[in-house]
Amino acid sequence: MTDQTTTPDGPAPVGEAPPSKEVAGFYNDLSGLLTELFGGSLHEGYWKSPDDPATMAEASQQLTDLLAEKLGVSPASRVLDLGCGSGAPSIRLARSTGARVVGITNSAVQIEAARRNAEGAGVGDQVTFTCADATVLDFEADSFDGVLMIESIFHLPDRLGALREVARVLRPGGRVALTDLLDLDPAPAPMEEAVGDLAEHSREHGHAPLVARPIRLEDYSALLVQAGLVPVERADITDHTVARTLDCLRQRLTDDHEELVRTYGIQVVRQYESVLPLLEKAGFGYGVVVAAAPERP
């Protein structure tokens, strides 16, 4: 894709809208390495304070717990983990709340790993995983009490369309809790250039661009209303997540480089090593957004 497009989120930079089936290529190639680097999950860590001693694995679990708490689900609930990765958040949510969880991703490699992980954790009958397109959910209306979207919405070509699907499958009063990349105000000057560099890097490795244009946190309220959802909460947690996550990833790549190369191959390790400077340059913020499906009269 070479022409600039327009999305419901505003003008899109070149190569901004990642076709979901092509994004799967990145995760098919790198999921094993990423799961190792992130400590079992495939998302940012959350440190509660500057003095929080949590490891990368513990911090990523703390982010899962933060989102799970916002859903407010119970053992009677059914939850959709939209963009489930290798299954760690789904499994943790099921074990901590008792809810039944359905995880979807478009990566066959991740589905295989997620099913294996759920069986190993003893929740194979409580958590199920399926390969599916997150942009057109193959579920009936009003079929979930909660939807979890940790670092998945910015992979999708249309935030509004994705949220409308979420609104459709949520039962009245059910909640969605998500994280997204933020366009900080004032935005770092290199962000636009870095987004383009990330897109070019993806194309060089035969993948679709991985991230959509970051969004301003304050723009979420209108986006949620357009999607048919009721805004509940939004929070900028950049200071609790981004810098320390990047530091942890860089340190692990340095300290265990030879072992990672032996396990995952030099090409895979180098591919991700080359992504980190682009993420640092971009200076993305990181936010949490919570919304609810409206109650019916």
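Figure 1. Cysteine 84 is buried, with a relative accessibility of 3%; here buried means under 20% relative accessible area, exposed means over 50%, and partly exposed lies in between, as computed with a 1.4 Å probe on protein chains only. This is a predicted model in which local features need pLDDT of at least 70 and side-chain atom pairs count only at pLDDT 80 or more, whereas totals for chains, interfaces and linings use all residues. Residues are numbered from 1 along each chain as its sequence is written, and side-chain values use heavy atoms, with hydrogens and water left out. The structure holds 0 disulfides, a disulfide being a pair of cysteine sulfur atoms within 2.5 Å. For cysteine 84, the closest cysteine sulfur belongs to cysteine 131 and lies 8.9 Å away, which is too far for a bond. Cysteine 248 is partly exposed, with a relative accessible area of 25%.

**Figure 2. The salt bridge between aspartate 142 and arginine 296.** Side chains of opposite charge can pair when their charged atoms come close. A salt bridge is defined as a side-chain nitrogen of Lys or Arg within 4 Å of a carboxyl oxygen of Asp or Glu, and by this rule the count comes to 12 salt bridges. One of them joins the side chains of aspartate 142 and arginine 296, at 2.9 Å from N to O. This pair links distant parts of the chain, 154 residues apart: aspartate 142 lies in the loop between β5 (127-131) and β6 (144-149), and arginine 296 lies in the segment after β9 (285-292). Strands (E, at least two residues) are DSSP runs, numbered from the N terminus. Aspartate 142 is partly exposed at 25% relative accessibility, whereas arginine 296 is exposed, with a relative accessible area of 55%.

**Figure 3. The salt bridge between arginine 216 and aspartate 219.** The two side chains meet at 3.1 Å, N to O. Arginine 216 has a relative accessible area of 36% and is partly exposed. Aspartate 219 is also partly exposed, at 32%.

**Figure 4. A network of salt bridges formed by Glu36, Arg252 and Asp256.** These three residues are linked through salt bridges. Arginine 252 counts as partly exposed at 22% relative accessibility, and aspartate 256 counts as partly exposed at 23%.

Key:
Helices (H or I, at least four residues) and strands (E, at least two) are DSSP runs, numbered from the N terminus.
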